[in-house]
Amino acid sequence: MIYFRKAVLVLLMLGNCMPSFTQVQDVMKDESLGTKAAKALVTSEKAIGYFESKQFKEAIQWADSSLYYGRELNNLEADAEAQYLAGRAAYKLDSFKLSKIYLESALKNWESLYAQGSIMAARCAIELSRTFLKLEKVRAAREMAQKALTILDENPNENAPERTRAYFSLGNINHAITNYNEAIPNFEKALEWLNKMPEDDIRLKSGILAKLGTDYNYTGAPEKGINLILQAIKLNLSDETDTLALAGTYNSLAECYTSLKKYETAISYSDLALSTYQAVEGNNPSGLLSFCYSVKGQIFLDMGNTDAASEFALKSNEVLLALNENDSSAYGYTNHDRARIYYAAGKYLSAIDWEKKAIEFLKGNSSEPNQDVSAVLLWLGRAQMAAGYYDAALKSFHEDLDMLGQIFGTESDFSYHALAEIGKCYYLMFLHEGRDSLLLQSLEYFHNAEIVLRAGLKKHDSRNMRRKLLIDAHKLYGDYLTSLYSCMQRKIGSENQIKEKAWQVSETMHGYSLSASIQESNARQFAGIPSIELEKDSMLREELIRLEYEKQFALEYLKLSLNDSVILELNLKLTSQKEACRQSEQYFEQHYPDYHSLKYAPKTISIREAQALLSDRQCILEFFTADSAIFTFLIKKNDFRIYETPLNFPLDSLVDRLIHGITGFYNGEQLSDEFYAETLREYTTSAQKLYQKLVEPIEEQLLPELIIIPGDGMASLPFETLLSASPKTLNNFSTYPFWLHKHTIFYGYSASMYQQMVSNIHRKSPNQGLLGIAPYFLDESAQASRTSGTGSLPNSGKELQQIQQYVSKKSLALYGHEASKNKFLKMAGDYQILHLATHAKANQRDGAFCYLSFFPDSIDEQNSTLTAAELYNYYLNADMVVLSACETGLGETSSGDGVMGLASAFAYAGAKCIVSSLWQVNDKSTMQIMENYYRELQDGKPKNTALVEAKRSYIKSSQAQYAHPFFWAGFIGIGDFKALKN
């Protein structure tokens, strides 16, 4: 500062080569002009000292003293510097009006001194911008940030820190008014200039990264947001002086995972945010504590846990009231949370009132489009629609659409929510008034919503993003089908066109992600991409899989916490690797036109194409589970029908009870005769109810052979176990009218996926017959089931020995230590049949980590297990894969994906047919059923017939309790069921 130097010169002239603070105080006793400069120096230094030690009140007092002496010297620069310091201190004390007064005066002085502006004037303008934002003077805040940049443009040398802060300030302004699309380039520019600074400002960088990641999440790119926020967390952890910033960053990460509907991970990070805050502040009220409670409440609300959501919304509200923040935008968010809780409880009038209050607080005095207001308008419309206020609801939905158009343009991913709700609103109006024109309007809006949704699905290559969109889309497609079915019933329009559209809607929500992944894999094969490029891409994917496994192992087995430095480092490597894979994908699309066209070719087949897959004895039975009904699509070679079943029964509960009734006793929960009888009654009751609801109404229309494509809630249901009547004797299974005895059943992910698997062209024709592995065929000690673990499976070896005799081509069985993962993967591509008799484990939280066990490797745990994720990087040429292990047909289940686990991973890798299991199967009965199965296959029977005959034979030959469905119903077939060649 210039006047500091002048004061020092005065002291030097008095004979002090290096004046001490004590010497300066002695000089201050004199009232001469020179000593006034010294007093200005001392008071200024005191002000700076107090500011740096965060004693801001004292800093203001000493800055005022410095200002007094500076003015006696008639030194405008000294005046400006003292005011600038006082303004910053007042800001730290949340005295924003006082801060504004000081900073405006400082800026005025600098502008009068330097016509072209100065670095100090730019800094002052930046601080004023921050202050105006706190005072909710958005326009003035933006003008000040722009003024700072204008000044810096005229003084281009060495101003990276100032440019960084100016762009950061602009980003914060746009973030505060929910212009997240505009905030993102501001924050990116700030980051660009920050990287040009000679020294890294850790706190500033972490703040920019966190805000940038948050805004990417708010604009529909949560995965990109996660990458940036993880970087911010790593920086926060290295800055031990700012723990509270870390709590806020954990919250932002929790919001990203909530957007992806990864609720368990979101709760984990939300818990970290709250515990981090409480470690520093306890439960002392602050805006950050309110935010912690609010985020946790929103997660529970999205999960449907309204009790927990209500608890945390109340806590958030109490904190704001304690802070007298009941007139702020933050209070608007708590009102919205409260409204959503009332909506979930069916109290729609209360929800409407609270949503209107939320809008009032969130809008404030601004007329600019506001993304948060847009979200509240959508929920307001939903509440109004549920309450029967259709005109008001339509008005809210259209306001939401208009606002989204202003913010994102006309092709926003977000717009399909409002379009779908308008479609639903017109449908409800049609039910109320009976006018066909309303039904047609409903269809128009549903159609437009679907166009937007399909564009989003095409745009996002990420499985997580597709999964999120499909979960959101399930309600839209269910409502769309309801509207289409009503049109069909009232004979409005072309019946064939309506049926075709309904079929396309259902097909989109069955196995979409798997179908898209397989299509992308096939595009790689047939797009003419050089092998060296494919190898590079394969290496990127292998590294990604390795990192994912390493993280999973660290979390599940080493029990490391999410904020452990090892996990954070792995997260950063993972996000970087994902970006590298994405760039490789983009390179293929840009440089190989055939790849793009093959990748994005239509993925859903028409009714006629589905019919072409069938013989006169076969039909497709596809279920779509909507909110209030189950739609059943029945396709025969020359017929197509749609049925509607009211969902007035507990589907999920009945399926769970059926599975528990079959497996509960044999899983060892209880071993008493009473519990055995109890589970049998539980099974028979639920099996009959499910039969009555799902298939009895259409039983007469069904053909002997069925391809069943389950709807939501049915993924783990073995339809063969449904009962058409009560058994005559509970303990005599020969009296059970199993559906198995009436129909030959195979399964599919979707009709489109079935066609893909049937028509799949392998990369080469396998020249070997069967490759079997039995890593746990070690000794004769019996084991009950093929669960995860390393226990011996004595019947697994016998199983391979028996089935080999039924395979005409050359086969190979690997036992014990010979059955290693590396050997299997090296040889698997040469075999027509892969048979894995081993341990397995499903992962219903993340299907990528379902795994099969190979011979244990004491050095490398990863080399003992083959995960579903790894299979996504392999190409197989098998006509059939038999997963003769536990739970291989289970995994992560979500709308539009079906079950993602080992079976789907083998389908991706190229297998045309997969036989998998739905529970922890018995070792001995598995051996017997597999022998029966291969014997039937040797006779030239199709796989579907062979499997059902194997089960029927097992039941006939089994004594008493061993004919229980637990022993034979666990295995199901998926995909191409034609007879094996040769």
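**View 1. T178 in the loop between α9 and α10.** At 2% relative accessibility, T178 is buried (buried means under 20% relative accessible area, exposed over 50%, partly exposed in between, with a 1.4 Å probe and protein chains only). The residue sits in the loop that joins α9 (160–176) and α10 (180–194); helices (H or I, at least four residues) and strands (E, at least two) are DSSP runs, numbered from the N terminus. T178 is not a glycine, yet its phi is positive, near 65°. Most residues other than glycine have a negative phi. This is a predicted model, in which local features need pLDDT of at least 70 and side-chain atom pairs count only at pLDDT 80 or more, while totals for chains, interfaces and linings use all residues. Residues are numbered from 1 along each chain as its sequence is written, and side-chain values use heavy atoms, with hydrogens and water left out.

**View 2. K559 in the loop between α26 and α27.** K559 belongs to the loop between α26 and α27. Its phi is near 60°, again a positive value in a residue other than glycine. With 65% relative accessibility, K559 counts as exposed.

**View 3. Helix α27 and its surroundings.** Helix α27 covers residues 565–591, 27 residues in total. From first C-alpha to last it reaches 39 Å, close to the 39 Å expected at 1.5 Å a residue (the expected span is 1.5 Å times one less than the number of residues). The buried residues of α27 are I567, L568, L570, N571, L572, L574, T575, Q577, C581, S584, E585 and F588. Elements that cover these buried residues include α12 (222–238), α14 (263–281), α25 (512–526), α26 (531–556) and α28 (593–599).

**View 4. The pair α13 and α14.** Helix α13 (residues 243–259) packs with α14 at an angle of about 165°, the axes being 8 Å apart. Axes are lines fitted to C-alpha atoms, for helices over the stretch in contact, and angles run from 0 to 180 degrees between N-to-C directions. The two helices are therefore roughly antiparallel (angles under 35 degrees count as roughly parallel, over 145 as roughly antiparallel, 65 to 115 as roughly perpendicular and the rest as oblique). The crossing of α13 and α14 is left-handed, a term for a near helix turned anticlockwise from the far one by less than a right angle, with right-handed used if clockwise. Residues of α13 in contact (heavy atoms within 4.5 Å) with α14 include L246, Y250, L253 and Y257. On the α14 side, Y263, Y269, L272 and V280 are among those that meet α13. By class, the contact of α13 with α14 has 14 nonpolar, 6 polar and 1 charged residues; Ala, Val, Leu, Ile, Met, Phe, Trp, Tyr, Cys and Pro count as nonpolar, Asp, Glu, Lys and Arg as charged, and the others, Gly among them, as polar.

**View 5. The pair α15 and α16.** Helix α15 (residues 287–303) and helix α16 (residues 306–322) have axes that come within 8 Å and cross at roughly 160°. The pair is therefore roughly antiparallel, and its crossing is left-handed. Among the contact residues are L289, Y293, F300 and L301 of α15 and F312, V319 and L320 of α16. The contact of α15 with α16 divides into 9 nonpolar, 5 polar and 2 charged residues.

**View 6. Helix α17 against its neighbours.** Helix α17 (residues 329–344) has 16 residues and reaches 23 Å between its first and last C-alpha, close to the 22 Å expected at 1.5 Å a residue. Its buried residues are Y331, G332, T334, N335, H336, D337, A339, R340 and I341. They pack against α15, α16, α18 (348–363) and α19 (371–386). G346 follows α17 and has a positive phi, near 80°.

**View 7. The pair α37 and α38.** The axes of helix α37 (residues 923–938) and helix α38 (residues 943–957) come within 8 Å, crossing at roughly 135°. That angle makes α37 oblique to α38. The crossing of α37 and α38 is right-handed. Contact residues include I929, Y933 and L937 in α37 and L947, A950 and Y954 in α38. The contact of α37 with α38 has 7 nonpolar, 4 polar and 3 charged residues.

**View 8. Q611 in helix α29.** Q611 is part of helix α29 (residues 607–611). With a relative accessible area of 15%, Q611 is buried. Leaving aside neighbours within four places in sequence, Q611 is in contact with I635, K636, K637, N638, D639 and F640.
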